[in-house]
Every structure is written in C-alpha cells, then in structure tokens.
Amino acid sequence: MATTSQDPVLVILQLTGANDYLNTIVPYTNGYYWDARPKVNIPADQVVPIDDDLAFRSDMDQFKDIYDKGNMAIVHGVGFENSPRSHFRAMDIWHTCEPDKIGTDGWVAKIIRDLDPTGENVLKGVNFGQGLPRAMTMRGVPITSVNHLATYGVFSSVSGINSQDERTQLLDSFARMYSPAIGNGLTMEYIGQTGLDALRGADIIKIAPQQYSSTVEYGSTSIATSLKDVAQVHLAGLGTQVFYTSHGPFDTHFNQGGSHAKLWIDISEAVDSFFADLQEHNASENVVMMIFSEFGRRVRDNGTGTDHGAAGVAFVIGDRVKGGMYGAYPSLKPEDLTQGDLEPNYDFRGLYSTIVDKWMGLDAVPIVGGQFEQMSFV
Amino acid sequence: MPTKQDIALIAHLMRRAGFGEPRADLVARADKGYEAVVEELLHPEDQPPIDEELMYRILPGYEGALGPPISQADWMFRMVNTQRPLEEKIALFWHQMFATSNSKVDNPPEIGRQIAMFREYGLGKYGELLVELAKSPAMIFWLDNHGNHDGSINENWGRELLELFSLGVGNYTEDDIKSAARAFTGWTIAPKIPRNPLGRFFWNFEYKPEDHDDGKKTFLGHTGNLNGEDIMGIIVDQPASPRFLARHLYRFFVADEPDVSSWNSIPPNDPAAIEILVDAYNESHGDIRAILRVLFNSDFFKTSQFARVKSPAELIVGTVRMAGNYEGFRPGFNNLALECAWQGQELLNPPSVEGWHTGAAWIDAGALMRRVNFAAGVLGDISHPGVRAIVDRVQLQPNNSAQTMVAVCLDSMGPLQVSDTTLRELLSHALNGGELAWNTPEEISSSEDRVSKLLALIAASKDYQFA
C-alpha cells in the first residue's frame, strides 16, 4: 500500500449550474417554505431530519451518516453582496475572489503557488475535467488537468495505435522532438520544456491507477469516476495537495424533481465511496473536501423548476472537520428576501479563508484578497 | 507552375489572413499570384457569404442561441467553412483587441452580434468602427456605459476606450477620461426584455439626449460641447492611435510581441515595421483595408513565417480545414468550440478586457497536451478526406523511401518548416520502418498506417504549434 505524506490535502467539488439550497438542506417545518414551494418541494415524508427545523433530502442518506459521525460541516447562507444571477459572472467571482472587477488569477492557483513557489511538482494541483477552471489559472503556475486518468497521456487521442511498443516508440519520438536544442529561440525552448513537463506529469500520474487496489466499489457515474481518480492519485502519494473537480448540471429551471434528486444520489454515493476508500487505506486523515455552488435558487418555484437565486449552502467534509451547522439559514420571510431570493449572510471568502488558513496553513489574505470572518469547522 | 517558395508564401498568407488551407487550394491560389490573392482577401464582399438561412435551418439551435457553446459553435462553423477567410480573421482580431466577455454580459447571442458588426465594419475606417463599438449593446453593458449618466459619470468605458482600445497608457490624462465619459453619457441600451421566462433577447442601442451631458468639455486639447462621435474623431487623429493599432496588427498578423500592458516600457521588436504601418494609417486616414494591404505585401510580413504561436482557434480551425473533416453542415461544431475553450481560448468569453495573453502564454502543460492530442488525433485519422489525400499523394510518389514520405508529409501539412531536431527525429522514426510498399492489400494497409502515424507525429511537434 502506498504511503501518503501528512501534508494537508484539499479536494474541491464544484456544483455547476447553481444548486437549489432549499431542496438540499430543507427547512421542512417552515411554513414559508411550503408557501413558496407548492410544486417543487421535498415532501415531508421524504426528508431525513437533522433537527426540528432542517433536514437533508432523503436521497442524501450517506451525507446524513457522515454528518452524524461528526465529519461534516454545513455552512449556511454562503454567497456575497449584490449576488449576480449570472452563472458565468458568479462563478468567476468564486474563482477569482474579485466581486467588483474582472479578475484573472484563480484562488486555487494562488494556493498552489504558495505551496510550491518554484513549480517543481507539476502535480501539486490536479484538475479532473475538461479544461482548467479559472480558479486554477495563473501565469507561471503549472497545473495538471486530467480528463480521464485511465487514458491520460500524449497521443491518447490517436486511434489505431496497435501495441504498447508502438505507443512507446511514438512517445520516445515525442520526447526527442521536444528535447532541448540550441538556437531555436526562446519560445521554442519554452514549448520544448513544457512538452517534456506534460510528458513527465503523465508519466508520473499513470503510476496511480497501476498501483491502486481497493475493496471499495464506486458507482459508474461521472462524479464517482472523478472522485475515484482523485483517490487513486492521492493514494499514490505524488504530492498533490489540491484536487479540483466539478459535477452538474444543477441549472434546474425545468423538471427539477428527478434531475435534482439524481444529482444528489450520485454525489452522496460518490463522496461516501471516496472517503470509505481513503479510510480503507488509512489516508483520509489529511483530506478535507469542500463542496460549493455559484449561488442558490429562487425561493418561489416556477411550477416545475426554480430560477436563479442568491445564497447557497456549502459542505466541508473530512475526518478532522468539526461537524455541525455553521452560520444561520437565511430568513425565508417574504420581507427578508432580496428580489425573491435568500440573502447571503456569510461571505464565501470567509469560507475560503478558514480553509486556506486553518487547514492549508497558508496566509489567506493575499489568496482571497482581504480579511474575512473565519469559522471554526477545522 | 508556382514554385515551392510561391506556395510556401501563399500558405503563410492564408495562415495569417485566414485559418490555413489544404494543399490543393494553395496551388490554385498561388497560380493567381501573391498580390492578387492579397487583393481577393481584402475584398471578402466579392466572395459568397455563409448561407445563414441554410445554416439556421439545418442547425436550428444556432439562431438566437441560449447557451454560450451554441454561439461559439456558430462562429466555429463560419471560421471553418467561410469563403471569406479575412472577414472571420479580422473579426477575431477585433474580438481580441476590443475584448468583450460573456462572463459579465451573460448574453452570448448579443456578443455574437458584436462579432457580426466586426465582420461588417472590421476592414473599413477605424473611426467608424469605434463609433459602432460605442453603440454595441454588449460593449455598453460590459463596460457599464448604461450606468454613465449626466451629472453622475461612470468612467469605465471612457478609460478602457483610451487605455486599451485606441491610445494606450501615457497618451491621455485622467481629465481626458472624465471628458470622454461625459461625452458618452446618454449612449445606452434601450429597456431590455427580461430574460425570464422566455429566454434571452437581443438588446438595442439607444441614445437618450435627455441624459446626455451637453456642457463644455475639454478632450485632448479640443474644447466644446463634445459628443461621442467627436471623441472618436479626435482619437483617430492622435499620433498615438496609429502607433497603438499598428502594434496590435503586428502582434496579431506578423509576429509575437509582449503583452499590451508592457508596451509603454518595451519597444516593438521591429520598429521599422510599425513605422510602415503608421504611414499607411496616416495616408489612408485610418483605413484598415489599406493598412492590411501594406502589411501583407511588406517584406517584414513575408519573412515572418512561423514567428507566432498559433492561438487555439488557429490551431483547431487550421487543423480541421487541413483534414477536411468539418466541411459543410454537419453536427459537432459545439465540440470544436468546447475544445477551443479547453485549450485556453473560450470564444466570446475572453478572460478580461485586455483580451487573451498570446504567444508563449497560450502554452502550459495542460494546454499543450490538449493541442498535441487534438491535432495528432485529427491528422492521424485516415478516415478524414484531407488526411486520405495526403496519404494518396505519398503513394503516388515515384519512390517509396522514408525520406520521401517525410518530405511529402511536411510539404502537405504547410509546407511546414521544422527545426533540425524535429526533422532528424521524423526521419529516424520513418527510417525505422524501412521503405513503404503498396503492392498487396497488407502492404497498402501497413503503409497507410505508417503515413498517418507520421502525420500524427508531425502534428504533435513543437513546430506545428507555430503559425
């Protein structure tokens, strides 16, 4: 079994498309909820109560188990002032911590920079998915972005490579074509170095699936595959400290019932398998997972779905997390809503700060762009 | 018959003024002569347009599209299939220089209309283009000019207009910004139809005289009751304008330059070229077509082959044009648009008002892996007609040597100029398999396989990253 170091590791799971807060952590005894949600609600006999006011939706039972073990913090009312209802703008703000102007540097990339200032480990930050989220982009910060771990590598797209020999031959040719040569100019040299970096990253990371074995059986959903990939790389002990992946689409304007349920069934199962897998390998102690979405959805349903809202809920999960509820569920009273939406009461940069400072052990101020109220979940 | 050099030069022109062309088209163009081809490119209106009615009938999601990938796919379709390459390329140029981003605008079809405006005005007078830009609803929203009111100005548009769209830092004062902002009060968007419940609607420009500041303003030494058009008229006559524009044109069409933010301190790589473009601007009173005519016919352009790192759009569109696998109406343009985003250039959604960082900044380990895998995957696939044509050309050669195979493949893929290191490796890779043979079905299949693998390897080279 691989040994992993005890450096803190952060796994970020982004719920893309705006998760419906009200139907995730359900205010099941609140009359305003039933007034506003005549059609798109979680029936009272289908909730799993946390206390007298709030409940998980029933298909999140693995989340309830984790919560009961004391390993999950539910962070209420997360968002920011003047929350835009645009997915793109809101996600940008979450990614760059710049609510007032268009930012270009990602907060996760800044974490990577501070963890590995010389960019020695190309696997310090790994994204699972297509393309890099803006949260991980910053000039000079190398990030590895993997679509599927099993097939990741140079020439994975070329059909008809008939044997391992042929692949090796092509990769060797690639390496020689990208090897340093004098007199070809700075950009050519840089591209050569970057090509070799990519090859090296792919070469190192392929160890992960090779040496992985586990009794945990993940589901076949995309989020299960992504989290299994995260687990494999984590267990291989390659020095990765930030993993990023996303799941969706949560943009449930229409026919929310079934699709929202499926999303949470898949996530709950996958997160549960992920932590079970790490625990089986004694490698869960140093891992914290943060789950967020760009904003919540409108309090009043639109008949079959819900439109864009403001405040949302975040989850922080891990063995060393102090479980419980943090912050307050925003008021559902009609007079307390902003344009029909829950008013955020906790700045997301406070959530980030808590994790960056108390978990990753870094100075949060330059990463999130200021001082924000921290919580005590780690 | 055009010489090899003639074809290489036309190939270079088509990569820069368009998105590259397959070998057979290059020969046909080279037959007309270089200057005639430049002239043809400069007059896209003489070539048939994309049949939009047909496009929207076959791809109904494209019209008034809801999500960004659809509007991006619309543009991808045009870049791949246009018979007016420079029309699309100049639109991409202005999209880079006047970067407007969906991250805030949140209305991809409206940004698409801005791109259409670039197609229409992008080769005309710079001053007229600037006025159209100021009227673009996407731009108004992007830089907050709808919040710029008489008596309560918002400087965002005024500032970026001077800093990033026309003069460059150091060529105006803070007072000029305020005056510009005041002159553009009342340039706004007509009341919008709310997005819910029916979806996105186009926005419309509206000039509100009652919200326009009619007071006296002083802008770059000119005083009067200036309005937006007056500001643009003054800007285009500033000596800083042609210089700034020339540097942008040089960076986009000729050779990589440092980022705009450093232009104040870092001089151009080729100051003489910038002077030539400035002169062309002054002689033509800011006529973009005339400036580009000078640019494409200049020696500094002709000798700049492979001096730029391809943008993702150039890499993707150029590759599929060569492979011929996205010709005409067919599904899948969404995937090309997404690929472009994954390689670091999400069309209609540039990272900031500064546009994309270009040159070496396109490349990081993740982006390079994608570029290599995309190009190698497409050009290594013999089922694509363009790849098939290259394989057939190899088969038709009088000799079957590995050297000939490498030479024909490189020639067909550009002609692509490669470094000694690359050439040595390609030859050694090809020589490994010995001579090609085309006699039995087994030999044919094995030879075809070897040629397509060689094409994949060339597509994966450092050299293929350059335009």
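User: Why is B:Y281 called buried?

Analyst: B:Y281 has 23 other C-beta atoms within 10 Å. A residue counts as buried with 20 or more other C-beta atoms within 10 Å of its own, as exposed with 12 or fewer, and as partly exposed in between, the C-beta atoms being placed from the backbone. B:Y281 is therefore buried. The structure is a predicted model, in which local features need pLDDT of at least 70 and side-chain atom pairs count only at pLDDT 80 or more, while totals for chains, interfaces and linings use all residues. Residues are numbered from 1 along each chain as its sequence is written, and chains are lettered from A and ligands numbered from 1 in the order in which they are written.

User: Where does B:Y281 lie, and with which residues is it in contact, leaving aside its neighbours within four places in sequence?

Analyst: B:Y281 is part of helix 15 (residues 271-284) of chain B; helices (H or I, at least four residues) and strands (E, at least two) are DSSP runs numbered from the N terminus. Apart from neighbours within four places in sequence, its contacts are B:P242, B:L245, B:A246, B:G286 and B:I291, a contact being a pair whose C-beta atoms, placed from the backbone, lie within 7 Å.

User: What makes helix 5 of chain A roughly antiparallel to helix 23 of chain B?

Analyst: The axes of helix 5 (residues 164-177) of chain A and helix 23 (residues 420-432) of chain B cross at roughly 160 degrees and come within 9 Å. That makes the two helices roughly antiparallel, since angles over 145 degrees count as roughly antiparallel, under 35 as roughly parallel, 65 to 115 as roughly perpendicular and the rest as oblique. The axes are lines fitted to C-alpha atoms over the stretch in contact, and angles run from 0 to 180 degrees between N-to-C directions. The contact is made by A:S173, A:R176 and A:M177 of helix 5 of chain A and by B:T421, B:T422, B:E425 and B:H429 of helix 23 of chain B.

User: How do you know that helix 8 of chain A and helix 9 of chain A are roughly parallel?

Analyst: The axes of helix 8 (residues 222-235) of chain A and helix 9 (residues 256-280) of chain A cross at roughly 15 degrees and come within 9 Å. The two helices are therefore roughly parallel. Residues that meet there include A:L227 and A:V230 in helix 8 of chain A and A:I267 and A:F274 in helix 9 of chain A. By class, this contact has 10 nonpolar, two polar and three charged residues.

User: How many residues does each chain give to the contact between chain A and chain B?

Analyst: Chain B gives 42 residues and chain A gives 42 residues. On the side of chain B that touches chain A, helix 20 of chain B provides the largest share, nine residues.

How values were computed: Contact = placed C-beta atoms within 7 Å. Nonpolar A, V, L, I, M, F, W, Y, C, P; charged D, E, K, R; others polar.
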